[in-house]
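Open the model in your viewer and keep the selection panel at hand. The tour has two stops.

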Amino acid sequence: MERLKRLLRSVPLERNDLEVIVVDDCSPDQAVLDSVRTRWPRVRWLSTPENAGAGVARNVGLDAAQGQWLVFADSDDEFLPGAFDTFDQVLRPDDELVYFLADAVQEADGTPSVRSERMNELVMAYATSPSDATLHKLCMQHVVPWAKVYSRAFIESHGLRFDPVRHGEDVAFNVLAAVQAGRIRAEAIPVYRVYQRVGSLTTDTSADDLLARLAVLGRLNDRLRDLGFSERMHAASYLARVVRFGPFAWLRVLRLMVRHEMVAPTLSRLRPREILRFLLRFNRDRRELESMRDV
């Protein structure tokens, strides 16, 4: 609960124009959670019917939200000082989706983390050099809900909800929102801090996790096709990462790629520069996780 307290301390709860919703995904220690509820009575406390993961919890919050804007946070992260003042200053009435930057640190010792690096690169590229190419990458590759603001009216008008799965629940929501938004902007201003820690879902690197996340991309491709969009998610990184799990897992990846129209977009990404860029980023991530486990 200390992480949740850290998050709540970063939100200006004294403001009357903010609606703050916390959704409990059936935490086992309700007595400790009750003490947090008592300390923050202005928060609207909701719960999922059963433990079902972040996607279901976010949907509970979405269904209850009444404000003009939607801002998501994971319970183990926090907003940076002045984040909500930034939102006040830069958001425009006709915005549908606005991207911002995020800091990333290792929770164990506060040293910098690479966790937000790729998302920040996408935001900076579009903010500094707006073009069809940088916008396309931003829409298709910025697949996390933090460090961005959505118009609630826009989300509701398209019936967007998070997938009720354990891994990759936010990918489809973010891509489908981006490709359908008519008014997108990117602001090169940090508003959020994401923490890297051992044991979180983002550090799960098992074969089952890898395949579950790829299946999410496959179903997203099906939905993009059904909506009439030509864009498709690719599986280049999955081909590289699955090698260490052996030929059976590699074949399962290949079957998913064929079933969900990922072969062509994946082949288009298999260029030497793209492969080198992925390997460098993958090695940085791996070294960071290994150093965290050694602490």
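This is a predicted model: local features need pLDDT of at least 70, side-chain atom pairs count only at pLDDT 80 or more; totals for chains, interfaces and linings use all residues.

Residues are numbered from 1 along each chain as its sequence is written, and side-chain values use heavy atoms, with hydrogens and water left out.

**Helix pair**

Select helix H8 (residues 171-180) and helix H9 (residues 207-226), whose axes come within 10 Å and cross at roughly 30°. Helices here are DSSP runs of H or I with at least four residues, and axes are lines fitted to C-alpha atoms over the stretch in contact, with angles from 0 to 180 degrees between N-to-C directions. H8 and H9 are therefore roughly parallel (angles under 35 degrees).

Next, show the side of H8 with Val171, Ala172, Val175, Leu176 and Val179, which meets Val216, Leu217, Leu220, Arg223 and Leu224 of H9; contact means heavy atoms within 4.5 Å.

**Aromatic rings**

Now select Phe79, Phe84, Phe87, Phe100, Trp146 and Tyr192, which form one aromatic cluster. Rings of Phe, Tyr and Trp (its six-membered ring) pair if their centres lie within 6.5 Å, and planes over 60 degrees apart count as edge-to-face.

Zoom in on Phe79 and Phe84, an edge-to-face pair at 4.9 Å centre to centre with 65° between the planes. Phe79 has 7% relative accessibility and counts as buried (under 20% relative accessible area, 1.4 Å probe, protein chains only).

Move on to Phe84 and Phe87, also edge-to-face, at 5.4 Å and 80°. Being three residues apart in helix H4 (residues 83-90), Phe84 and Phe87 are separated by about one helical turn.

How values were computed
Helices (H or I, at least four residues) and strands (E, at least two) are DSSP runs, numbered from the N terminus. Angles under 35 degrees count as roughly parallel, over 145 as roughly antiparallel, 65 to 115 as roughly perpendicular and the rest as oblique. Rings of Phe, Tyr and Trp (its six-membered ring) pair if their centres lie within 6.5 Å; planes under 30 degrees apart count as stacked, over 60 as edge-to-face and the rest as tilted. Buried means under 20% relative accessible area, exposed over 50%, partly exposed in between (1.4 Å probe, protein chains only).
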